Amino acid sequence: MGRFVHAADQDRFSAAWALTRRTLGGLLGTDPRRLGFDRWCALCGNDQHGKPRLLDASLEFSIAHAADRVLLAVSDRIPVGVDVEPADAPVAEATSLVRHPSERDVEGPELVRLWVRKEAVLKATGHGLVRPMTDFGVLVAPDGMFLADVPLGQDYVAAVAAVGDDAVSY
């Protein structure tokens, strides 16, 4: 939480983790305060950064928060990833960091949609923003992956991704 400068961002982070603990605890029949978490990087195996994971449990999860929205995905079978951003997020300057050569040039909310789809994929695979978004396209879900937009109204853009052989059957 200390990495956030603004109190509102710290509050949103706390709310997201409270939701996560409560949901996972409920699914596991465990006191949410007893849940342990760590991080793991899919690229280097480092436990000082990377995707948060639940210790001693078989649930995969991903959380994202933006403005007044918190999004949580949980799976008992395959890795998942989510992302949410305000539809008017200032990502215009990030076009060259997002678009794969096979993807058409987009702007505004469509660029934000491209961003959240890719971030959901990168969270699901455990790569996070270490892997460049320009390495892959999401106009069609990559092989072995489920990818969908999450409807949160016109003010937000969100996506969920799931990775693995079972993902395509959802």
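**Entry 1: the second largest pocket**

I looked up which element gives the largest share of the lining of the second largest pocket, and found that β2 does, with four residues. I am working from a predicted model. I noted a volume of about 170 Å³ for this pocket. I found 13 residues in the lining. Trp40, Lys51, Arg53, Glu60 and Gly126 lie nearest the centre. I then checked which elements give two or more residues to this lining: β2 (51-54), β3 (60-66) and α3 (109-125). I also sorted the lining by class and got eight nonpolar, two polar and three charged residues.

**Entry 2: Glu119**

I moved on to helix α3, where Glu119 has its place. Is Glu119 buried or exposed? I found it buried, yet without a salt bridge. The nearest side chain of opposite charge is that of Lys123, 4.0 Å away. I then set aside the neighbours within four places in sequence and listed the contacts of Glu119: Asp83, Leu129 and Met133.

**Entry 3: Lys118 and Glu103**

Next I turned to salt bridges, and the count came to ten. I began with Lys118, which forms one with Glu103. The closest N and O atoms of this pair are 2.9 Å apart. Lys118 has 0% relative accessibility, so I put it down as buried. Glu103 is buried too, with a relative accessible area of 3%.

**Entry 4: Arg113 and Glu110**

I looked at Arg113 and found a salt bridge with Glu110, with the closest N and O atoms 3.5 Å apart. Both residues lie in helix α3. They are three residues apart, about one turn of the helix. I noted Glu110 as partly exposed, because its relative accessible area is 36%.

**Entry 5: Asp135 and Arg131**

I looked up one more pair, Asp135 and Arg131, whose side chains meet in a salt bridge at 3.8 Å, N to O. Asp135 is partly exposed, with a relative accessible area of 44%. Arg131 is also partly exposed, at 27%.

Definitions and conventions
Residues numbered from 1 in each chain as written. Predicted model: local features only at pLDDT ≥ 70, side-chain atom pairs only at ≥ 80, totals over all residues. Heavy atoms only, no water. 1 Å grid on protein atoms, 1.4 Å probe; cavity = no way out; pocket = protein on both sides within 12 Å on 5 of 7 lines; lining within 4 Å. Points joined across faces, edges and corners; volume = space filled by probe spheres on them. Nonpolar A, V, L, I, M, F, W, Y, C, P; charged D, E, K, R; others polar. Buried < 20%, exposed > 50% of the residue type's maximum accessible area, 1.4 Å probe, protein only. Lys, Arg positive; Asp, Glu negative; His and termini not counted. Contact = heavy atoms within 4.5 Å.
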